[in-house]
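Please read the points alongside the coordinates.

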Amino acid sequence: MEKAKHVIGISGGKDSAALAIYLFENYPHLDMTYYFCDTGKELDDTYRLIENIENYIGKKIIRLQNDEVAKTNENPFDYFLKSYRGYLPSPTARWCTKKLKLDPFENFVGDAPTISYVGIRGDEDREGYISTKKNIQSIFPFRKNIWAEDVINKVLYNGNISMISDLYASHLNGRQLDKVIDIVHTPFDVDPKDKNITKRNRRNKLEQLLDLGVIPFNKVVFDFLKTTEYPLATEEDFPMLENDDLLIREDIFKILRESGVGVPEYYEKKPYQVEEKTGEYARSRSGCYFCFFQQKIEWIWLYEQHPSLFIQAMEYENAEEGFTWNQHETLADLIEPKRTEQIKKEHLNRMNRAKSKDSKFLIDILDDTESEGCAACFI
Ligand code: SF4
């Protein structure tokens, strides 16, 4: 059977960068391929980060491009924009993700069994991008549950209860096994009318099993996968089974700083003034500088911190045709002094409200919207 490829996509964001460093440090025997899908419209900080990671790991990060554009000398985003006749991508028409990220990645992988490592953190509540291609399996090393949702659904499927109990019996014994078997043998309620209830029940069962031991759970899942056609079935062993780390936002910044790779400049907060008060803004994501998933305050950050890029983003808009980055307002509207002031005021109020609730977690959510939107841009 063909051996699996191990790949990690570097998006230019902090989490995938930290994951590359983490895997290099902790799993040096995994033969990892690093890649970066270049949209051609990233901030300079992103390109610097890619070089810093290359220097740290002593390995080239492969730049992937859509085959169609690779034959030309054109900028990847501009090439496809032309073929879409100036129609800007949006949350509901994300041709950019498909053409600039997904297609190059899936072509690169081809039909080879592939394990794709994804930097979703232990303090995030999202699944991330999961390829529809059967030969690509995602693993999430920063979470307590390293497995993707589709794998968990199969392992915890009520019809597999006796198989999973048998697998546990080969890894545990005594009281610990008894406790686990009690949980395994309790089917979770499936509500055919409400998927969310089923999902919540399944998740509860998963949490209970993980609480009784992440490593035995991982071993059971691995044994289960051996009976399937998932890419991991091609591996004799998988060092990540022994992984029970859980990394959160602070850990990510620590890895980047301590390794010397550094935190991309755009994450560093800068002060802004509004009504004689001082707020702070930064960019929360990597990706194209004009990404339509960015918050209004990030557009203002772009305007004030990188005015020439903001002007370039404006030049893509054609209000008459309805081609704008944001619904209902153009970038020219956004930088009208009154509108800018309003955006800053709203942002400052939101941040103050979060602080007054003394919610570090909420501030992190407001600060960190990388989790929203372009999941596939963070494959
Ligand atoms: S970062 Fe935003 S604009 Fe760029 S490819 Fe992803 S979704 Fe599209």
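1. Helices (H or I, at least four residues) and strands (E, at least two) are DSSP runs, numbered from the N terminus. The model is predicted, so local features need pLDDT of at least 70 and side-chain atom pairs count only at pLDDT 80 or more, while totals for chains, interfaces and linings use all residues. Residues are numbered from 1 along each chain as its sequence is written, and side-chain values use heavy atoms, with hydrogens and water left out.

2. The volume of the largest pocket is about 550 Å³. A pocket is an open set of points on a 1 Å grid over the protein atoms alone, where a 1.4 Å probe fits, with protein on both sides within 12 Å along at least five of seven lines; lining residues have an atom within 4 Å of a point. Grid points are joined across faces, edges and corners, and the volume is the space filled by probe spheres set on the points.

3. The lining of this pocket comprises 20 residues, and Asp125, Glu127, Asn145, Arg203 and Leu206 lie nearest its centre. Helix 6 (149-155) and helix 9 (195-211) each supply at least two lining residues; helix 9 gives the most, with 7 residues.

4. By class, the lining has 13 charged, 4 nonpolar and 3 polar residues. Here Asp, Glu, Lys and Arg count as charged, Ala, Val, Leu, Ile, Met, Phe, Trp, Tyr, Cys and Pro as nonpolar, and the others, Gly among them, as polar.

5. The largest pocket lies between domain 1 (5-148 + 237-259) and domain 2 (149-236), because both give residues to its lining. The domain bounds come from an automatic or database domain assignment.

6. Rings of Phe, Tyr and Trp (its six-membered ring) pair if their centres lie within 6.5 Å; planes under 30 degrees apart count as stacked, over 60 as edge-to-face and the rest as tilted. The count by this rule is 24 aromatic pairs. The pair of phenylalanine 77 and phenylalanine 290 is tilted, because the ring centres are 4.6 Å apart and the planes at 50°.

7. One aromatic cluster is formed by Phe77, Tyr84, Trp95, Tyr289, Phe290, Tyr316 and Trp325.
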